[in-house]
Amino acid sequence: MANYVSHSTGSPSSVSQAASAAALGGPQDCVEGMRRAFEERRNYIVERINAMDGVSCLKPEGAFYVMMNVEKLLGRTICGERIGSSGEFAAALLKHGLVATVPGSGMGAPNFVRWSYAVSLDNIEKGMDRLEEFLKKRK
């Protein structure tokens with residue numbers, strides 16, 4: 001009941017509502033440029049992930065993140081860390097690869113980690129390079 005009440009009675013603040021109205025009613029010429037940038041980042045991250053052994057992902061149709069399947073890595077050891085869940089994978093990648101991902105277990109996807117592509121292409125390239133190096137250290 002508490003979840004229902006919190007979602008049915010809360011709403012965006014008046015400032016957020018005014019900003020949204022201005023954004024929707026204003027010039028839209030920048031939107032296509034942003035869409036192309038997100039598409040380029042999405043395509044890059046999907047291609048890189050799917051070229052690596054042991055991980056895979058589908059190309060998302062919307063949003064700004066990719067769900068990477070780590071199921072083939074469960075039970076393996078990477079950098080001395082046993083990977084038993086997406087949470088353990090995310091923690092090991094952060095510790096040894098210096099890359100933050102979000103475990104999918106909290107989103108009903110226990111064998112996945114989420115990668116955001118709402119960052120620069122340069123940061124995505126660095127993250128993919130670090131992931132690739134991290135995966136090379138598995139046993």
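This is a predicted model: local features need pLDDT of at least 70, side-chain atom pairs count only at pLDDT 80 or more; totals for chains, interfaces and linings use all residues.
1. Largest pocket. The volume of the largest pocket is about 230 Å³. Its lining is made of 14 residues, and those closest to the centre are Val99, Ala100, Trp115, Val119 and Asn123. Two elements, strand S6 (112–116) and helix H5 (121–135), each give two or more residues to this lining. The largest share comes from H5, with 6 residues.

2. Sorted by type, the residues lining the largest pocket are 8 nonpolar, 3 polar and 3 charged.

3. Leu121, in helix H5. Leu121 belongs to helix H5. Apart from neighbours within four places in sequence, Leu121 has contacts with Glu40, Arg41 and Tyr44. From Leu121 to Leu135 there are 14 residues in sequence, and the C-alpha atoms of the two are 21 Å apart in space.

4. Arg138, after helix H5. Arg138 sits in the segment that comes after H5. At 18% relative accessibility, Arg138 falls under the 20% limit and therefore counts as buried. Which side chain does the side chain of Arg138 join in a polar contact of 2.8 Å? The partner is the side chain of Asp53. The side chain of Arg138 also reaches a backbone atom, the oxygen of Leu135, at 3.2 Å. With neighbours within four places in sequence set aside, the residues in contact with Arg138 are Asp53, Gly54, Leu73, Arg76, Thr77 and Ile78.

5. Helix H2. Helix H2 covers residues 14–25, which makes 12 residues. Is H2 largely in the open or largely buried? The number of buried residues among the 12 of H2 is 0, so this helix lies largely in the open.

6. Val46, in helix H3. Val46 is part of helix H3, which runs over residues 29–50. Val46 has a relative accessibility of 8% and therefore counts as buried. Beyond its neighbours within four places in sequence, Val46 is in contact with Cys57, Leu58, Lys59, Pro60 and Val66. Leu73 lies 27 residues from Val46 along the chain, and 18 Å separates their C-alpha atoms.

7. Ala63 and its phi angle. Most residues other than glycine have a negative phi. Ala63 is not a glycine, yet its phi is positive, near 65°. Ala63 is located in the loop that runs between strand S1 (56–57) and strand S2 (65–69).

8. Cys79 and its phi angle. Cys79 also has a positive phi, about 55°, although it is not a glycine. Where is Cys79 placed? Cys79 is in the loop between strand S3 (77–78) and strand S4 (81–82). With 24% relative accessibility, Cys79 counts as partly exposed, because that value lies between the 20% and 50% limits.

Methods:
Residues are numbered from 1 along each chain as its sequence is written. Side-chain values use heavy atoms; hydrogens and water are left out. On a 1 Å grid over the protein atoms alone, a cavity is a set of points where a 1.4 Å probe fits but cannot get out, and a pocket is an open set with protein on both sides within 12 Å along at least five of seven lines; lining residues have an atom within 4 Å of a point. Grid points are joined across faces, edges and corners, and a volume is the space filled by probe spheres set on the points. Helices (H or I, at least four residues) and strands (E, at least two) are DSSP runs, numbered from the N terminus. Ala, Val, Leu, Ile, Met, Phe, Trp, Tyr, Cys and Pro count as nonpolar, Asp, Glu, Lys and Arg as charged, and the others, Gly among them, as polar. Contact means heavy atoms within 4.5 Å. Buried means under 20% relative accessible area, exposed over 50%, partly exposed in between (1.4 Å probe, protein chains only). A polar contact is a pair of N or O atoms within 3.5 Å; within protein, one must be able to donate a hydrogen and the other to accept it, and residues adjacent in sequence count only if both atoms are side-chain atoms. The expected span of a helix is 1.5 Å times one less than its number of residues.
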